[in-house]
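Trainee: I would like to learn how to read surface and contact features from a model. Could we take them one at a time?

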Amino acid sequence: MGPEIQQPSDSTSDQLKYLDRQTVQWLERKPSVKTEATKQPKLAPTWADLTRTRTSRIRLAPKTKLSKWALHAFPSERLCQLAQPRPHATGWQPELPLPTPVSKASLTAVASPRICKLAQPRMRCPEPETNNKSEPRPMTHLTSIHLSMLAIPRAEHPLYQRHRSACWPVSISARNYIPSKRLLELSCPKIRKDVYDGYDPFVVSHAALCTNPSPRTLQLSVPLPRKCTPKVSRHYM
């Protein structure tokens, strides 16, 4: 037996003995035992710097030092113009001081009777208690002639017929009437056979075959002129 056939027939080795494997693939030899020093990770200097808390620098002196050139600089005319505060809009008035001072004339003024009447609070009628049954209100005013005429119900039309009652008497002639043969034929329901029972829905009746269409029917059966395209005959050599 050749080696190509002998090698697949050999039993596979027990892979469960490599319990502490660190790779996805199976290893051919047992890995070396790791110590405590190798198990502790070491951070790079950049990562260690990122883990430290940042300390905010607090300014001790709020005043900044000005340079010598800034102290002896002269502003231009445009800069002086922009440094001026914006003037107020026309019609602007400053806010009144609180409390607002009252003039001497207002303190010594005497109110007129009309102003005293308007200063009184409005007297409101007390709301009546709501009851379940609404009490009829007395009519304090007389109805006009036009309102009385509008209150009259509209009369019915002389040719109007009311609904017929569900039960009405049947006449003697209707009871003793004998229907004709044609009437009995029309009163019977139309029986239509199913497709499987020999019914053909495409059969045309003899009356439909012998009928003559009217000119209007012939006109409607013709397609519209805008939808008719003339056929162009092509001759191939």
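**Reading the surface and its contacts**

Mentor: We can start with a nonpolar surface patch of about 400 Å², which is made by L43, W47 and L50. Keep in mind that this is a predicted model.

Trainee: Where is L50 found, and does it count as buried or exposed?

Mentor: L50 is found in helix α3, which covers residues 45-51. L50 counts as exposed because its relative accessibility is 65%, and the cut-off for that class is over 50%.

Trainee: How many helices and strands are there in the protein chain?

Mentor: The protein chain has 12 helices and zero strands. Along the sequence, the pattern reads α-α-α-α-α-α-α-α-α-α-α-α.

Trainee: What share of the 237 residues is made up of buried residues?

Mentor: Buried residues come to 0% of the 237 residues in the protein chain. To be called buried, a residue needs under 20% relative accessible area. The accessible surface of the protein chain is about 27,700 Å², and carbon and sulfur atoms account for 59% of that surface.

Trainee: Now the charged groups. How many salt bridges does the count come to?

Mentor: The general idea is that side chains of opposite charge can pair when their charged atoms come close. Here the count comes to two salt bridges. In one of them, E156 pairs with R162, and the closest N and O atoms are 2.7 Å apart.

Trainee: Which side chains meet in a salt bridge at 3.5 Å, N to O?

Mentor: Those are the side chains of E185 and R182. E185 and R182 are three residues apart in helix α10 (residues 181-187), so about one helical turn separates them. E185 counts as exposed because its relative accessibility is 52%.

Trainee: Turning to rings, what lies over the face of W168?

Mentor: R164 lies over that face of W168, at 4.0 Å from the ring centre. As for contacts between rings, the count of aromatic pairs comes to zero.

Trainee: How many disulfides does a search of the whole structure find?

Mentor: The search of the whole structure finds zero disulfides. C167 counts as exposed because its relative accessibility is 72%. C210 has a relative accessible area of 48%, so C210 is partly exposed.

How values were computed
Residues numbered from 1 in each chain as written. Predicted model: local features only at pLDDT ≥ 70, side-chain atom pairs only at ≥ 80, totals over all residues. Heavy atoms only, no water. Patch = residues over 30% accessible without salt bridge, like charges linked within 9 Å, V, L, I, M, F, W, Y side chains within 5 Å. Areas by Shrake-Rupley, 256 points an atom, 1.4 Å probe, with all protein chains shown as cover. Salt bridge = Lys/Arg side-chain N within 4 Å of Asp/Glu carboxyl O. Helix = DSSP H or I, 4+ residues; strand = E, 2+ residues; numbered from the N terminus. Buried < 20%, exposed > 50% of the residue type's maximum accessible area, 1.4 Å probe, protein only. Phe/Tyr/Trp six-rings, centres within 6.5 Å; stacked < 30°, edge-to-face > 60°. Lys NZ or Arg CZ within 6 Å of the ring centre and 35° of its normal. Disulfide = S-S within 2.5 Å.
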